[in-house]
Amino acid sequence: MEQRVAPEHMPSIKLKDDDQQTASITNKPKNKRIASLDAFRGLAIVLMILVDDAGGVYPRIDHAPWNGCTLADFVMPFFLFIVGLAIALALKRVPKMRVAIKRIFVRTIKLMFWGILLQGGYSHTPYELVYGVDMKKIRWFGILQRIAFVYMVIALIEALTVKLRPTILNPGHLAIFKAYRWQWCGGLVAFLVYMVTTYTLYVPDWTYNGPESKVRCGMRGSLGPACNAVGYVDRQVWGINHIYTGPVWIRLKACTLSSPSAGALRDDAPTWCLGPFEPEGLLSTISAILSGTIGIHYGHILIHFKGHAERLKQWVLTGLGLLVLAIILHFTDAIPINKQLYSFSYVCFTAGVAGILFSAFYMLIDVWGIRAPFLFLEWIGMNAMLVFVLGAQGILAGFVKGWFYEKPDNNLISWILDHVFIDVWNSEKVGTLLYVIFAEITFWGVLSGILHKFGIYWKL
């Protein structure tokens with residue numbers, strides 16, 4: 001964590017663009033910060049906290065057990081979309097190539113480290129007050145690792161092609177795609193690798209806990225839970241003991257009568273219901289590069305189109321086009337929307353929603369200047385890493401729960417949840433939701449605002 005000058009306190013310059021603020025001229029020009037970018041990043045963090053901590057009592061907002069898309073399923077692509085958009089702005093100019101490449105690799109390694117530390121199995125907070133992981137069962141991939149991989153690929157392409165793109169676009173509707181053809185080529189390669197592997201790779205039978213847990217496959221092109229190529233690649237690359245052991249498919253009707261909630265297994269549940277599956281796996285992460293590619297396209301539009309109306313037109317049309325394509329693919333059963341597989345229709349659907357939602361944020365915050373209702377999102381977005389680690393991953397909650405009286409369940413957090421929220425509202429569902437909103441999200445919004453006031457940010 002480091003202390004730096006807060007963005008709003010940085011010296012600025014009077015610029016010609018209609019989206020730049022008028023201020024005193026200094027020796028070193030600085031562009032106005034895009035507040036909607038911070039707000040959108042903050043929204044992704046808030047959604048993660050909400051669905052992680054309230055999804056247990058509201059299964060409709062938790063991850064879809066297989067096909068479909070719920071509120072929780074927007075979190076990861078929202079992160080990748082805003083990562084791509086931010087890369088376009090950060091690497092608009094690359095004065096020293098070697099320095100830029102070094103920073104990209106260093107940031108990737110840092111993200112990978114934090115990902116393995118937080119989601120590899122070492123930390124068990126806030127549910128268990130223990131630390132440590134059996135290296136035979138460590139989970140190698142997770143949320144931050146996926147973000148790190150997508151960031152590395154997209155940032156490297158953006159940095160290495162900086163001299164190949166024009167500063168001014170040529171006339172024509174496809175000019176921006178031609179100017180950044182290498183970025184789209186990278187996305188196309190990712191798409192082809194994912195699609196070819198998904199539909200042509202042979203998936204044999206597999207076991208996860210001895211012969212009695214054998215899952216029969218012997219097929220190609222399956223998009224079901226048991227025999228898809230996405231899971232097979234992870235079992236082969238990482239090993240059966242190094243992937244996520246609590247997949248959401250256990251909430252499918254085939255596995256439990258309590259679906260979409262978790263519950264006891266059916267007597268006739270198939271063997272794969274208790275099998276492992278990596279939701280942030282290798283092949284699905286290759287597909288996730290497309291989410292970042294679409295995000296960087298939005299960043300390129302922001303750079304080259306100076307008028308608000310033109311930017312919004314480009315963004316909204318792109319978003320609507322992606323939504324229409326996703327809906328057609330899903331409802332014709334060509335490619336179902338599926339977060340676990342990170343299907344192409346899922347990429348299009350979530351990127352389309354992200355694009356339209358970001359356009360709305362941009363219009364409200366940066367064009368119309370309605371910032372007050374979104375300030376807490378901006379503050380959280382400026383300190384996204386801190387809130388992710390301490391809040392979304394439960395590190396601070398685990399620390400507080402570590403100070404208990406007589407037994408671990410008798411701690412401050414549990415007392416507030418039970419007596420201030422659940423007992424008062426006489427409802428576990430309503431009480432839990434209000435606790436997440438007021439005791440977690442509001443807390444992190446206020447704390448992030450205080451840190452912003454003092455110019456303190458945690459960045460990698």
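User: Which residues of α1 meet which residues of α12 in this predicted model?

Analyst: On the α1 side they are Arg41, Ile45, Met48, Ile49 and Asp52, and on the α12 side Ala384, Val387, Phe388 and Ala392. Sorted by class, this contact has seven nonpolar, no polar and two charged residues.

User: How is the geometry of such a helix pair read, and what is the angle between α1 and α12?

Analyst: Two packed helices are described by the angle between their axes and by the distance between those axes. Here the axes of α1 and α12 come within 10 Å and cross at roughly 5 degrees. Angles under 35 degrees count as roughly parallel, and α1 is therefore roughly parallel to α12.

User: How are α7 and α8 oriented to each other?

Analyst: The axes of α7, residues 229–237, and α8, residues 282–304, come within 7 Å and cross at roughly 120 degrees. The two helices are therefore oblique to each other. Helix α7 contributes Ala229, Val230, Val233, Asp234 and Val237 to the contact, while α8 contributes Leu282, Leu283 and Ser284. By class, the α7 contact with α8 has six nonpolar, one polar and one charged residues.

User: Which peptide bond is cis, and where does its proline lie?

Analyst: Most residues other than glycine have a negative phi, and most peptide bonds are trans. In this model a cis peptide bond joins Ser259 and Pro260, with omega about 10 degrees. Pro260 lies in the loop between α7 and α8.

User: What is the phi of Tyr342, and is the residue buried or exposed?

Analyst: Tyr342 has a phi near 50 degrees, which is a positive value in a residue other than glycine. Its place is the loop between α9, residues 308–331, and α10. Tyr342 has a relative accessible area of 0%, and is therefore buried.

User: What are the corresponding values for Glu406?

Analyst: Glu406 also has a positive phi, near 75 degrees, and is a residue other than glycine. It lies in the loop between β4, residues 404–405, and β5, residues 407–411. With 70% relative accessibility, Glu406 counts as exposed.

User: How far apart are Ala155 and Ile296 in sequence and in space?

Analyst: These two residues are 141 residues apart in sequence, and their C-alpha atoms are 9.4 Å apart in space. Ala155 is located in helix α4, residues 143–160. At 0% relative accessibility, Ala155 counts as buried. Beyond residues up to four places away in sequence, Ala155 touches Ile87, Leu91 and Ile104.

User: Which residues of α11 are buried, and what covers them?

Analyst: In α11, residues 375–382, the buried residues are Leu377, Glu378, Ile380, Gly381 and Met382. Their cover includes the helices α1 (35–54), α10, α12 (384–392) and α15 (428–453), together with the strand β6 (456–457).

User: How many helices and strands are there in the chain, and what is its radius of gyration?

Analyst: The chain has 15 helices and six strands. Its radius of gyration is 23 Å, close to the 23 Å that the globule rule gives for 460 residues, so the chain is as compact as a globular protein of that length. Along the principal axes, the C-alpha atoms fill a box of roughly 70 × 55 × 40 Å. Of the 460 residues, 51% count as buried. Among contacts between residues at least 6 apart in sequence, 70% join residues at least 24 apart.

User: Which domain does UniProt place at residues 33–176, and what is the helix content there?

Analyst: An unreviewed UniProt entry places the feature "domain: Heparan-alpha-glucosaminide N-acetyltransferase catalytic" at those residues. Over residues 33–176 the chain is 55% helix and 0% strand. The end C-alpha atoms of this stretch are 23 Å apart.

Terms used. Residues are numbered from 1 along each chain as its sequence is written. This is a predicted model: local features need pLDDT of at least 70, side-chain atom pairs count only at pLDDT 80 or more; totals for chains, interfaces and linings use all residues. Side-chain values use heavy atoms; hydrogens and water are left out. UniProt positions are given in the numbering used here, feature names are shortened, and annotations may be inferred rather than shown by experiment. Helices (H or I, at least four residues) and strands (E, at least two) are DSSP runs, numbered from the N terminus. Axes are lines fitted to C-alpha atoms, for helices over the stretch in contact, and angles run from 0 to 180 degrees between N-to-C directions. Angles under 35 degrees count as roughly parallel, over 145 as roughly antiparallel, 65 to 115 as roughly perpendicular and the rest as oblique. Contact means heavy atoms within 4.5 Å. Ala, Val, Leu, Ile, Met, Phe, Trp, Tyr, Cys and Pro count as nonpolar, Asp, Glu, Lys and Arg as charged, and the others, Gly among them, as polar. The radius of gyration is taken over C-alpha atoms; the globule rule is 2.2 Å times the number of residues to the power 0.38. Buried means under 20% relative accessible area, exposed over 50%, partly exposed in between (1.4 Å probe, protein chains only).
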